[in-house]
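The sequence and the model come first, and the description follows.

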Amino acid sequence: MIGAMNTKQRLLIADEVAEILAISPRQVTRLMNAGHIPTVRVTNSALRVPLEDLCEWIQARIDRPSEISALSAHTGRAHR
């Protein structure tokens with residue numbers, strides 16, 4: 001039931017993900033479309049990111065920093 005959804009089940013738009021990751025919405029969209037960030041398709045053209053999945057995705061990169069280099073290469077930006 002939608003009313004019973006907790007905060008972790010919230011679906012985020014690219015702008016919200018960009019704010020969390022401190023990158024541009026355009027970079028987030030590229031990562032989403034490439035399948036690097038976990039998404040849920042809500043319509044034919046709309047992707048959303050489950051907050052809980054994003055938190056796990058971030059934690060995995062903290063645990064395995066070598067993956068950050070691969071993502072930086074994909075987005076064309078260097079990791080700082």
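Isoleucine 58 is partly exposed, because its relative accessible area is 26% and that class lies between buried, under 20%, and exposed, over 50% (1.4 Å probe, protein chains only). The model is a predicted one, in which local features need pLDDT of at least 70 and side-chain atom pairs count only at pLDDT 80 or more, while totals for chains, interfaces and linings use all residues. Residues are numbered from 1 along each chain as its sequence is written, and side-chain values use heavy atoms, with hydrogens and water left out.

Isoleucine 58 belongs to helix H3, residues 51-63. Leaving aside residues up to four places away in sequence, isoleucine 58 touches Ile20 and Leu21, where contact means heavy atoms within 4.5 Å. Between isoleucine 58 and leucine 21 there are 8.6 Å from C-alpha to C-alpha, and the two are 37 residues apart in sequence.

**The chain as a whole**

Four helices and three strands make up the secondary structure of the chain. These elements are DSSP runs numbered from the N terminus, with helices (H or I) of at least four residues and strands (E) of at least two. Read from the N terminus, their order is β-α-α-β-β-α-α. The chain has 80 residues, of which 26% count as buried. Its accessible surface is about 5600 Å², and carbon and sulfur atoms hold 53% of that; such areas come from the Shrake-Rupley method with a 1.4 Å probe, and for residues only the protein chains shown count as cover. Among contacts in the chain with a separation of 6 or more, 41% are between residues 24 or more positions apart.

**The sheet**

Two strands pair if DSSP finds at least two bridges between them.

E1 is joined to strand E3 (residues 47-50) by two bridges, and the two run antiparallel. In this pair, leucine 12 stands opposite valine 49 in E3.

E2 and E3 form a hairpin, with five residues between them. Alanine 46 is in the loop between these two strands, E2 and E3. Is alanine 46 buried or exposed? Alanine 46 counts as buried because its relative accessibility is 15%. Not counting residues up to four places away in sequence, alanine 46 touches Val40 and Arg41. Alanine 46 and isoleucine 13 are 33 residues apart in sequence, with 8.9 Å between their C-alpha atoms.

**Surface and charge**

Leucine 11 is located in strand E1 (residues 11-12). Together with Val40 and Val42, Leu11 forms a nonpolar patch on the surface, and the three have about 200 Å² of accessible area together. Patches are made of residues with over 30% relative accessible area and no salt bridge; like charges are joined within 9 Å, and nonpolar side chains (Val, Leu, Ile, Met, Phe, Trp, Tyr) within 5 Å.

One salt bridge is found in a search of the whole structure. The term stands for a side-chain nitrogen of Lys or Arg within 4 Å of a carboxyl oxygen of Asp or Glu. Here the side chains of glutamate 16 and arginine 10 meet, at 2.5 Å from N to O.

The loop between helix H1 (14-21) and helix H2 (25-33) contains alanine 22. Phi of alanine 22 is near 60 degrees, which is a positive value in a residue other than glycine.

| Residue | Relative accessibility | Class |
|---|---|---|
| Leucine 11 | 34% | partly exposed |
| Arginine 10 | 40% | partly exposed |
| Glutamate 16 | 25% | partly exposed |
| Alanine 22 | 68% | exposed |
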